[in-house]
Amino acid sequence: MAKIVLFDGTTLDNFTAQDGTPNPWILNDDGTMTVPGNWVSIVSKATYKDAHIHLEWMEPDMPDAVGQEKGNSGVYIHGCYELQILDSYGIENLECSDCGGIYTHYTPRVNACKPALEWQTYDIIFRAPRYNDRGERTEAARATILQNGVVIHNNIILHTHTPGGCINHPVAEGPLMLQDHGNPVKFRNIWIETL
């Protein structure tokens, strides 16, 4: 078991842009990182198999925005399964496109969102897909996900990838991707503990 620190507030160098060029996101004086809104998502240099993934984010205050335009970002587990980040505070009937959803696949069990401008957490317990010696997948990936300490997904099966990732199929080992969807979401304290 090893802990891989991806962002501790001191450097952007553990991520690159999707094309491999340097990370273009904004490093703030308070040790946070802000999505610049230029639609360039970032990908971790480190890859992992089974892991506990931790990250913290803060939604911008966008009171006039609605739906997918309100603090949109995403965490792509293995670069191919999107866990949605969005300002969904107070929404009663969540969909898979709301915060905590596995985009196009799963709706969160409960709305665990805090209001905009408050720090929130994701803790993702991820079991990578399994492959045999011939490269055939024998088991799909699984995940249990906590948002702000509340279980929003319990041992869900990730049969296939979601749209928009840096990898368009399940893999045995992959990176973490953070999405730039045009909104100034902030991030801090991102790490992976391999399992």
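Start by selecting M1, I125 and L195, which form a nonpolar surface patch of about 360 Å². A patch joins residues with over 30% relative accessible area and no salt bridge, nonpolar side chains (Val, Leu, Ile, Met, Phe, Trp, Tyr) within 5 Å and like charges within 9 Å; a salt bridge is a side-chain nitrogen of Lys or Arg within 4 Å of a carboxyl oxygen of Asp or Glu. The model is predicted: local features need pLDDT of at least 70 and side-chain atom pairs pLDDT 80 or more, while totals for chains, interfaces and linings use all residues. Residues are numbered from 1 along each chain as its sequence is written, and side-chain values use heavy atoms, without hydrogens and water.

Stay on M1, in the segment before β1 (3-7). M1 has a relative accessible area of 78% and is exposed (over 50%; buried is under 20%, partly exposed in between, with a 1.4 Å probe and protein chains only).

Next, select the cysteines. The whole structure has zero disulfides, a disulfide being a pair of cysteine sulfur atoms within 2.5 Å. The sulfur of C99 has its closest cysteine sulfur in C113, at 3.7 Å, too far for a bond. C166 is in no disulfide either, with the nearest cysteine sulfur, that of C80, 8.0 Å away. C99 is buried at 1% relative accessibility, whereas C166 is partly exposed at 30%.

Finish at E118, in the loop between β8 (81-85) and β9 (119-127). E118 is partly exposed, at 37% relative accessible area. Leaving aside residues up to four places away in sequence, E118 touches W57 and M58 (heavy atoms within 4.5 Å).

How values were computed
Accessible areas come from the Shrake-Rupley method with a 1.4 Å probe; for residues, only the protein chains shown count as cover. Helices (H or I, at least four residues) and strands (E, at least two) are DSSP runs, numbered from the N terminus.
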